[in-house]
Amino acid sequence: MIPIKDDNPVGRIPVVTVVLIVLNVLVFIFQLFMPPKVELIFAHHYGVVPAWLTGLGQIAYPPEWFPRFLTLLTYPFLHGGFLHLGGNMLYLWIFGNNVENAMGRPRFILFYFLGGVLSGLAQVVTAPSSEAPMIGASGAIAAVLGAYLVLYPQHKVVVLIWLLFFVRLIRIPALVVLGGWFFLQVLGAGGEGVAWMAHIGGFVAGLVLVRFFLPRPMVLH
């Protein structure tokens, strides 16, 4: 089930969402020109390495100057491949524009980065001795998804259903799409290679924090 768009138009250009997408793409292009060894070092320096933050393990390529805690702000801008980047940016575009419109640009910027920090910390807490660098905007975007679910649970999302020879576009409520997404993250928790707890932590953070970032007054749907 792949979301294509939502039936929730915004009245102005989502400047922050567009800028975030552009920055992610530019950093990824920068990564593409790195030799594999250099890209690995880059990920260790600017991704979140739990063992580096907690001091409970070693790190293969410790940064010589970059403060450890700042990696919680930089890791969402690094991605591991075209599908990783494309999937994240698709979700950010579909759901981020509405959350930005509801919160206003300054609040949305703060919310996005806070979501990234909290999702990163969720992964660190659950795997404090991990020496693998965590990269990707999934955690920050998960916070955006949680906020969207609170704000617009009944708005329809157009999704692509693809099962072998069955291909169809259908419109279903955001509650089903995003609730289903969260359920898959919970099912995947404990699996290797994906920062499942960052996704879960970011989503929960979005659910809880969204109300504190809305202008007053605003009626939730």
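Mentor: Side chains of opposite charge can pair when their charged atoms come close. The rule here asks for a side-chain nitrogen of Lys or Arg within 4 Å of a carboxyl oxygen of Asp or Glu. By that rule, this structure has two salt bridges. It's a predicted model, where local features need pLDDT of at least 70 and side-chain atom pairs count only at pLDDT 80 or more, while totals for chains, interfaces and linings use all residues. Residues are numbered from 1 along each chain as its sequence is written, and side-chain values use heavy atoms, leaving out hydrogens and water.

Trainee: Which side chain does Arg-171 meet in a salt bridge?

Mentor: That's Asp-7, at 2.6 Å from N to O. Arg-171 sits in strand E3 (residues 166-173) and Asp-7 in the loop between strand E1 (2-6) and helix H1 (15-32), so the pair ties together parts 164 residues apart in sequence. Helices (H or I, at least four residues) and strands (E, at least two) are DSSP runs, numbered from the N terminus.

Trainee: Is Arg-171 buried or exposed?

Mentor: Exposed, at 51% relative accessibility, whereas Asp-7 is partly exposed at 29%. Buried means under 20% relative accessible area, exposed over 50%, and partly exposed in between (1.4 Å probe, protein chains only).

Trainee: And which residue forms a salt bridge with Arg-105?

Mentor: Glu-100 does, with the closest N and O atoms 3.8 Å apart. Glu-100 is buried, with a relative accessible area of 2%, while Arg-105 is partly exposed at 29%.
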